[in-house]
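Colleague: Can you walk me through this one? I'd like the sheet, the helices and the chain contact.

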Amino acid sequence: MAKGRVFFDQELCKGCGLCVLVCPVQCLALNRKEINSKGYNPAYCKEPEKCIGCANCGVMCPDSVITVERF
Amino acid sequence: MPIVFQKTKGLTDVPTHYCPGCTHGIIHRLVGEVLEELEVLDRTIGVAPVGCSVLAYKYFNCDMHEASHGRAPAVATGIKRVRPENIVFTYQGDGDLASIGTAEIVHAAHRSEGITTIFVNNAIYGMTGGQMAPTSLVGQRTTTSPYGRDPKLVGYPIRIAEMLATIPGASYVERVAVNSPANIRKAKQAIKRAFQTQIDGKGFAIVEVLSTCPTNWGIDPPKALDWLAENMIPYYPLGKFRDPQEEVE
(Lines give C-alpha, C1' and ligand atoms only; values in the text may rest on other atoms or scores of the structure.)
Protein backbone atom coordinates (compact mmCIF):
# COMPACT_ATOMS: atom_id res chain seq x y z
CA MET A 1 0.00 0.00 0.00
CA ALA A 2 1.44 3.30 -1.07
CA LYS A 3 2.06 5.86 1.65
CA GLY A 4 3.01 8.67 -0.66
CA ARG A 5 2.79 9.94 -4.18
CA VAL A 6 5.39 11.74 -6.34
CA PHE A 7 4.76 14.04 -9.28
CA PHE A 8 7.35 14.99 -11.86
CA ASP A 9 7.39 18.10 -14.02
CA GLN A 10 8.68 15.95 -16.85
CA GLU A 11 9.27 18.84 -19.26
CA LEU A 12 11.92 20.28 -16.90
CA CYS A 13 13.55 16.93 -16.03
CA LYS A 14 17.11 16.47 -17.35
CA GLY A 15 17.19 12.72 -16.81
CA CYS A 16 20.23 12.78 -14.50
CA GLY A 17 18.89 9.83 -12.51
CA LEU A 18 19.85 11.11 -9.04
CA CYS A 19 16.26 10.60 -7.77
CA VAL A 20 16.36 7.01 -9.01
CA LEU A 21 19.65 6.51 -7.16
CA VAL A 22 18.49 7.78 -3.76
CA CYS A 23 14.99 6.23 -3.67
CA PRO A 24 15.10 3.77 -0.72
CA VAL A 25 12.36 1.55 -2.18
CA GLN A 26 13.47 1.70 -5.85
CA CYS A 27 10.10 2.81 -7.16
CA LEU A 28 11.50 5.41 -9.61
CA ALA A 29 13.06 4.94 -13.05
CA LEU A 30 13.96 6.90 -16.15
CA ASN A 31 11.33 6.50 -18.85
CA ARG A 32 13.30 5.15 -21.81
CA LYS A 33 10.20 5.21 -24.02
CA GLU A 34 9.67 8.95 -23.73
CA ILE A 35 11.77 11.97 -24.67
CA ASN A 36 10.88 15.45 -23.42
CA SER A 37 11.38 18.61 -25.46
CA LYS A 38 14.85 19.11 -23.94
CA GLY A 39 15.82 15.72 -25.37
CA TYR A 40 16.10 13.76 -22.13
CA ASN A 41 14.43 10.61 -20.83
CA PRO A 42 12.40 11.99 -17.91
CA ALA A 43 12.12 10.26 -14.55
CA TYR A 44 8.78 8.75 -13.53
CA CYS A 45 7.28 6.65 -10.78
CA LYS A 46 7.49 3.12 -12.13
CA GLU A 47 5.93 1.36 -9.14
CA PRO A 48 3.70 3.92 -7.41
CA GLU A 49 2.36 1.39 -4.90
CA LYS A 50 5.83 1.11 -3.33
CA CYS A 51 6.23 4.88 -2.61
CA ILE A 52 6.61 5.74 1.09
CA GLY A 53 6.58 9.53 0.64
CA CYS A 54 10.05 10.05 2.16
CA ALA A 55 10.85 12.95 -0.24
CA ASN A 56 14.47 11.85 -0.70
CA CYS A 57 13.96 12.20 -4.48
CA GLY A 58 12.78 15.79 -4.09
CA VAL A 59 15.67 16.67 -1.79
CA MET A 60 18.16 15.25 -4.30
CA CYS A 61 16.63 16.67 -7.50
CA PRO A 62 18.88 19.48 -8.87
CA ASP A 63 16.07 20.92 -10.98
CA SER A 64 13.21 21.02 -8.44
CA VAL A 65 10.91 19.05 -10.74
CA ILE A 66 9.49 16.80 -7.99
CA THR A 67 6.49 17.32 -5.72
CA VAL A 68 5.84 14.77 -2.97
CA GLU A 69 2.59 14.08 -1.12
CA ARG A 70 2.29 11.88 1.95
CA PHE A 71 -0.97 10.18 3.00
CA MET B 1 -3.20 14.99 1.01
CA PRO B 2 -0.47 17.12 2.58
CA ILE B 3 2.36 18.10 0.33
CA VAL B 4 5.67 17.26 2.04
CA PHE B 5 7.98 18.53 -0.66
CA GLN B 6 7.66 21.04 -3.50
CA LYS B 7 9.67 23.68 -5.31
CA THR B 8 10.57 26.62 -3.08
CA LYS B 9 9.24 30.14 -3.62
CA GLY B 10 12.85 31.28 -3.25
CA LEU B 11 13.50 30.24 -6.85
CA THR B 12 11.95 31.60 -10.03
CA ASP B 13 10.27 29.38 -12.64
CA VAL B 14 13.13 29.85 -15.09
CA PRO B 15 14.63 26.45 -16.05
CA THR B 16 18.31 26.36 -15.07
CA HIS B 17 21.01 26.00 -17.71
CA TYR B 18 23.08 23.58 -15.60
CA CYS B 19 24.14 20.21 -16.98
CA PRO B 20 22.08 17.14 -15.96
CA GLY B 21 23.05 16.06 -12.45
CA CYS B 22 24.96 19.25 -11.61
CA THR B 23 24.48 19.91 -7.89
CA HIS B 24 24.42 23.70 -8.38
CA GLY B 25 20.66 23.25 -8.70
CA ILE B 26 20.46 21.62 -5.27
CA ILE B 27 22.49 24.41 -3.65
CA HIS B 28 20.32 27.06 -5.36
CA ARG B 29 17.26 25.36 -3.94
CA LEU B 30 18.73 25.18 -0.43
CA VAL B 31 19.48 28.91 -0.45
CA GLY B 32 15.96 29.61 -1.77
CA GLU B 33 14.37 27.41 0.90
CA VAL B 34 16.38 29.03 3.70
CA LEU B 35 15.51 32.56 2.55
CA GLU B 36 11.85 31.55 2.34
CA GLU B 37 11.86 29.95 5.81
CA LEU B 38 13.64 32.92 7.40
CA GLU B 39 11.05 35.19 5.71
CA VAL B 40 13.67 37.52 4.30
CA LEU B 41 13.10 36.99 0.56
CA ASP B 42 11.64 40.47 0.12
CA ARG B 43 14.67 42.18 1.65
CA THR B 44 17.48 40.00 0.33
CA ILE B 45 20.03 41.10 -2.26
CA GLY B 46 22.21 38.41 -3.81
CA VAL B 47 25.41 38.90 -5.74
CA ALA B 48 26.05 36.48 -8.61
CA PRO B 49 29.60 35.52 -9.63
CA VAL B 50 31.30 34.63 -12.89
CA GLY B 51 31.48 30.93 -13.67
CA CYS B 52 28.82 28.29 -14.18
CA SER B 53 26.52 30.12 -11.79
CA VAL B 54 26.88 33.43 -13.66
CA LEU B 55 23.17 33.36 -14.51
CA ALA B 56 22.15 32.82 -10.86
CA TYR B 57 20.42 36.21 -10.96
CA LYS B 58 17.77 34.65 -13.19
CA TYR B 59 17.07 31.83 -10.77
CA PHE B 60 16.85 33.39 -7.30
CA ASN B 61 13.53 35.01 -6.51
CA CYS B 62 15.10 38.02 -4.78
CA ASP B 63 16.95 41.13 -5.90
CA MET B 64 20.23 40.19 -7.55
CA HIS B 65 23.37 41.96 -8.70
CA GLU B 66 26.08 40.68 -11.03
CA ALA B 67 29.75 41.18 -10.13
CA SER B 68 32.91 40.87 -12.17
CA HIS B 69 35.02 37.75 -11.74
CA GLY B 70 35.91 37.21 -8.09
CA ARG B 71 34.63 40.62 -6.97
CA ALA B 72 31.32 39.52 -5.49
CA PRO B 73 32.45 40.10 -1.85
CA ALA B 74 33.54 43.65 -2.74
CA VAL B 75 30.19 44.40 -4.42
CA ALA B 76 28.33 42.80 -1.51
CA THR B 77 30.36 44.93 0.93
CA GLY B 78 29.20 48.06 -0.84
CA ILE B 79 25.56 46.96 -0.88
CA LYS B 80 25.58 45.93 2.78
CA ARG B 81 27.25 49.17 3.93
CA VAL B 82 24.77 51.34 2.04
CA ARG B 83 21.75 49.21 2.92
CA PRO B 84 22.50 47.53 6.27
CA GLU B 85 18.83 46.59 6.70
CA ASN B 86 19.05 44.20 3.73
CA ILE B 87 20.26 40.61 3.81
CA VAL B 88 23.19 40.35 1.40
CA PHE B 89 24.74 37.16 0.13
CA THR B 90 27.24 36.12 -2.50
CA TYR B 91 27.11 32.85 -4.41
CA GLN B 92 30.53 31.95 -5.77
CA GLY B 93 32.30 29.00 -7.33
CA ASP B 94 35.86 27.86 -6.70
CA GLY B 95 37.26 29.43 -9.86
CA ASP B 96 35.72 32.70 -8.72
CA LEU B 97 36.33 32.71 -4.96
CA ALA B 98 39.42 30.51 -4.54
CA SER B 99 41.36 31.84 -7.50
CA ILE B 100 40.87 35.33 -8.91
CA GLY B 101 38.75 36.46 -5.95
CA THR B 102 40.92 35.27 -3.04
CA ALA B 103 41.96 38.80 -2.09
CA GLU B 104 38.35 39.99 -1.95
CA ILE B 105 37.09 37.12 0.17
CA VAL B 106 40.03 37.23 2.61
CA HIS B 107 39.61 40.94 3.20
CA ALA B 108 35.82 40.76 3.40
CA ALA B 109 36.33 38.14 6.13
CA HIS B 110 39.03 40.26 7.79
CA ARG B 111 36.74 43.27 7.97
CA SER B 112 34.00 40.91 9.18
CA GLU B 113 31.55 42.38 6.68
CA GLY B 114 28.00 41.40 7.56
CA ILE B 115 27.50 39.29 4.45
CA THR B 116 26.93 35.59 3.85
CA THR B 117 28.93 33.71 1.23
CA ILE B 118 27.92 30.42 -0.36
CA PHE B 119 31.13 28.93 -1.77
CA VAL B 120 30.58 26.09 -4.23
CA ASN B 121 33.67 23.90 -4.55
CA ASN B 122 33.61 21.37 -7.38
CA ALA B 123 37.41 21.12 -7.84
CA ILE B 124 37.38 22.27 -11.45
CA TYR B 125 36.59 25.22 -13.73
CA GLY B 126 33.22 24.21 -15.14
CA MET B 127 32.04 26.95 -17.50
CA THR B 128 35.32 27.39 -19.38
CA GLY B 129 35.72 23.69 -20.13
CA GLY B 130 37.21 21.74 -17.25
CA GLN B 131 40.54 23.45 -16.59
CA MET B 132 42.49 22.85 -13.37
CA ALA B 133 41.30 25.02 -10.47
CA PRO B 134 43.23 25.90 -7.29
CA THR B 135 40.94 23.37 -5.60
CA SER B 136 41.58 20.51 -8.06
CA LEU B 137 42.87 17.44 -6.22
CA VAL B 138 46.39 16.04 -6.48
CA GLY B 139 46.46 13.66 -9.44
CA GLN B 140 43.14 14.91 -10.79
CA ARG B 141 43.03 14.92 -14.59
CA THR B 142 41.70 18.11 -16.13
CA THR B 143 42.10 19.67 -19.58
CA THR B 144 45.11 21.66 -18.33
CA SER B 145 46.57 18.84 -16.23
CA PRO B 146 46.12 15.84 -18.56
CA TYR B 147 48.60 13.75 -16.55
CA GLY B 148 47.01 14.67 -13.24
CA ARG B 149 47.69 17.63 -10.96
CA ASP B 150 51.37 17.68 -10.03
CA PRO B 151 51.93 19.42 -6.66
CA LYS B 152 55.61 20.02 -7.49
CA LEU B 153 54.55 22.14 -10.42
CA VAL B 154 51.38 23.84 -9.24
CA GLY B 155 51.19 23.25 -5.48
CA TYR B 156 48.56 21.59 -3.36
CA PRO B 157 44.80 22.24 -3.46
CA ILE B 158 43.73 25.22 -1.35
CA ARG B 159 41.48 24.59 1.66
CA ILE B 160 39.45 27.78 1.83
CA ALA B 161 37.36 26.94 4.90
CA GLU B 162 40.42 26.13 7.04
CA MET B 163 42.22 29.23 5.78
CA LEU B 164 39.31 31.58 6.53
CA ALA B 165 38.77 29.93 9.94
CA THR B 166 42.13 31.38 11.04
CA ILE B 167 40.76 34.91 10.54
CA PRO B 168 39.12 36.40 13.66
CA GLY B 169 36.58 38.29 11.55
CA ALA B 170 35.14 35.14 9.99
CA SER B 171 32.33 34.45 12.45
CA TYR B 172 30.76 31.42 10.85
CA VAL B 173 32.73 28.91 8.77
CA GLU B 174 31.45 25.47 7.84
CA ARG B 175 32.09 22.92 5.11
CA VAL B 176 29.27 20.68 3.89
CA ALA B 177 28.62 18.40 0.90
CA VAL B 178 25.57 17.69 -1.26
CA ASN B 179 26.29 14.09 -2.26
CA SER B 180 23.41 12.40 -0.37
CA PRO B 181 19.98 13.35 1.01
CA ALA B 182 21.41 13.26 4.58
CA ASN B 183 24.30 15.57 3.67
CA ILE B 184 21.92 17.87 1.78
CA ARG B 185 19.76 18.24 4.88
CA LYS B 186 22.90 19.06 6.92
CA ALA B 187 23.96 21.55 4.25
CA LYS B 188 20.62 23.31 4.56
CA GLN B 189 21.08 23.64 8.33
CA ALA B 190 24.54 25.15 7.77
CA ILE B 191 23.23 27.65 5.21
CA LYS B 192 20.45 28.59 7.60
CA ARG B 193 22.94 29.20 10.44
CA ALA B 194 25.07 31.29 8.09
CA PHE B 195 22.12 33.54 7.22
CA GLN B 196 21.08 33.65 10.88
CA THR B 197 24.60 34.89 11.73
CA GLN B 198 24.02 37.81 9.38
CA ILE B 199 20.51 38.53 10.69
CA ASP B 200 21.92 38.57 14.25
CA GLY B 201 24.58 41.06 13.12
CA LYS B 202 27.46 38.80 14.08
CA GLY B 203 29.64 39.40 11.04
CA PHE B 204 30.97 37.43 8.13
CA ALA B 205 29.65 33.93 7.44
CA ILE B 206 30.75 31.43 4.79
CA VAL B 207 29.55 27.95 3.92
CA GLU B 208 31.78 25.88 1.63
CA VAL B 209 29.68 23.36 -0.28
CA LEU B 210 31.40 20.41 -1.96
CA SER B 211 29.66 19.98 -5.29
CA THR B 212 29.92 17.79 -8.38
CA CYS B 213 30.73 18.49 -12.01
CA PRO B 214 29.76 15.31 -13.90
CA THR B 215 30.42 16.84 -17.32
CA ASN B 216 33.97 17.99 -16.71
CA TRP B 217 34.91 15.14 -14.40
CA GLY B 218 33.86 12.91 -17.31
CA ILE B 219 31.60 10.59 -15.31
CA ASP B 220 27.84 10.18 -15.01
CA PRO B 221 25.90 11.97 -12.24
CA PRO B 222 25.50 8.97 -9.85
CA LYS B 223 29.23 8.16 -10.14
CA ALA B 224 30.08 11.82 -9.56
CA LEU B 225 28.43 11.62 -6.12
CA ASP B 226 30.64 8.61 -5.30
CA TRP B 227 33.72 10.38 -6.62
CA LEU B 228 32.96 13.34 -4.35
CA ALA B 229 32.59 11.06 -1.32
CA GLU B 230 35.71 9.02 -2.08
CA ASN B 231 38.10 11.73 -3.21
CA MET B 232 36.98 15.18 -2.11
CA ILE B 233 35.70 14.56 1.43
CA PRO B 234 38.98 12.94 2.61
CA TYR B 235 40.94 16.04 1.50
CA TYR B 236 38.23 18.57 2.37
CA PRO B 237 36.85 17.26 5.68
CA LEU B 238 33.28 18.25 6.46
CA GLY B 239 32.48 20.11 9.64
CA LYS B 240 32.07 23.35 11.45
CA PHE B 241 35.17 25.46 11.92
CA ARG B 242 33.68 28.52 13.59
CA ASP B 243 30.24 29.34 14.96
CA PRO B 244 29.40 32.44 17.01
CA GLN B 245 26.71 30.48 18.86
CA GLU B 246 29.02 27.71 20.01
CA GLU B 247 32.50 29.23 19.93
CA VAL B 248 34.17 25.99 18.85
CA GLU B 249 37.81 26.91 19.11
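**Sheet, helices and contact**

Modeller: Strand β6 (residues 170-177) of chain B and β8(B) pair in the antiparallel sense over three bridges. Two strands pair if DSSP finds at least two bridges between them. Helices (H or I, at least four residues) and strands (E, at least two) are DSSP runs, numbered from the N terminus. This is a predicted model: local features need pLDDT of at least 70, side-chain atom pairs count only at pLDDT 80 or more, and totals for chains, interfaces and linings use all residues. Residues are numbered from 1 along each chain as its sequence is written, while chains are lettered from A and ligands numbered from 1 in the order in which they are written.

Colleague: Which residue is the bridge partner of Glu174(B) in β8(B)?

Modeller: Lys240(B).

Colleague: And the sheet, what is the strand order?

Modeller: In chain B the order is β3-β2-β4-β5-β7-β6-β8. That makes an open sheet of seven strands with mixed pairing. β3 (63-66) and β8 (239-242) of chain B are the edge strands, each pairing on one side only. On average, neighbouring strands are turned by 20° against each other, direction ignored.

Colleague: Which helix packs on the sheet?

Modeller: α1(B) does. It touches β2 (44-48), β4 (87-93), β5 (116-121) and β7 (204-210) of chain B. Its direction makes about 160° with that of β5(B). Axes are lines fitted to C-alpha atoms, for helices over the stretch in contact, and angles run from 0 to 180 degrees between N-to-C directions.

Colleague: Which residues point which way from β4(B)?

Modeller: Ile87(B), Phe89(B), Tyr91(B) and Gly93(B) point one way. Val88(B), Thr90(B) and Gln92(B) point the other way.

Colleague: How many bridges does β4(B) make with β2(B), and how many with β5(B)?

Modeller: Four with β2(B), in the parallel sense. Five with β5(B), also parallel. Thr44(B) stands opposite Ile87(B), and Gln92(B) has Phe119(B) in β5(B) as its bridge partner.

Colleague: Now α1(B). Why call it largely enclosed?

Modeller: Because 11 of its 14 residues are buried. Among them are His24(B), Arg29(B), Leu30(B) and Val34(B). The cover includes β2, α2 (56-59), β4, β5, α8 and β7 of chain B. From first C-alpha to last, α1(B) reaches 20 Å, close to the 20 Å expected at 1.5 Å a residue. The expected span is 1.5 Å times one less than the number of residues. Just after this helix, Glu39(B) takes a positive phi of about 55°.

Colleague: Where does Lys188(B) lie, and what does it touch?

Modeller: Lys188(B) lies in helix α8 of chain B. It touches Leu30(B), Glu33(B) and Val34(B), leaving aside residues up to four places away in sequence. Contact means C-beta atoms, placed from the backbone, within 7 Å.

Colleague: Is that lysine buried or exposed?

Modeller: Lys188(B) is buried, because 21 other C-beta atoms lie within 10 Å.

Colleague: What about α10(B), where is the kink centred?

Modeller: On Leu228(B), with a kink of about 30°. The bend at a residue is the angle between axes fitted to the seven residues ending there and the seven starting there. The buried residues of α10(B) are Pro221(B), Ala224(B), Leu225(B), Trp227(B), Leu228(B) and Met232(B). Their cover includes α1 (18-22) of chain A, together with β6, β7 and α9 (214-217) of chain B.

Colleague: Which strand of chain A pairs with β1(B)?

Modeller: β4 (residues 66-70) of chain A, antiparallel, over two bridges. Glu69(A) stands opposite Ile3(B) there.

Terms used. Two residues are in contact if their C-beta atoms, placed from the backbone, lie within 7 Å. A residue is buried if 20 or more other C-beta atoms lie within 10 Å of its own, exposed if 12 or fewer, and partly exposed in between; C-beta atoms are placed from the backbone.
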